[in-house]
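Please look over the sequence and the structure below before reading on.

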Amino acid sequence: MSDAIAWQKSSFSGAGQGQDCIEVAPVDGAIKMRESDDPEVTITTSAVKLRAFVLGVKAGEFDHPI
């Protein structure tokens with residue numbers, strides 16, 4: 001199944017050694033994510049939840065976890 005998934009990573013991420021990053025792919029109405037250095041492990045979320053998470057990161061909501 002993962003062969004058919006069109007993974008995308010940030011244009012800010014380089015192609016060389018040590019340039020690992022998060023990759024995302026839309027699959028059947030969901031969003032799959034994985035780390036490029038460990039591609040066998042994936043998580044699945046919705047676009048709404050991913051957007052809320054990204055907005056929380058940008059707002060600093062996770063800067064000081066308890």
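Predicted model: local features only at pLDDT ≥ 70, side-chain atom pairs only at ≥ 80, totals over all residues.

Residues are numbered from 1 along each chain as its sequence is written, and side-chain values use heavy atoms, with hydrogens and water left out.

The chain averages a pLDDT of 87, on the predictor's scale of confidence in each residue from 0 to 100. A score of at least 70 is reached by 86% of the residues. Helices (H or I, at least four residues) and strands (E, at least two) are DSSP runs numbered from the N terminus.

There is 1 aromatic pair. F53 and F62 form this pair, which is tilted, with 5.4 Å centre to centre and 40° between the planes. Rings of Phe, Tyr and Trp (its six-membered ring) pair if their centres lie within 6.5 Å; planes under 30 degrees apart count as stacked, over 60 as edge-to-face and the rest as tilted. F62 is in the segment after α1 (47-58).

Relative accessible areas are listed here (buried under 20%, exposed over 50%, partly exposed in between; 1.4 Å probe, protein chains only).

| Residue | Relative accessible area | Class |
|---|---|---|
| F53 | 46% | partly exposed |
| F62 | 46% | partly exposed |
| T45 | 18% | buried |

T45 lies in strand β4 (residues 38-45). Leaving aside neighbours within four places in sequence, T45 is in contact (heavy atoms within 4.5 Å) with A30, I31, M33 and L50.
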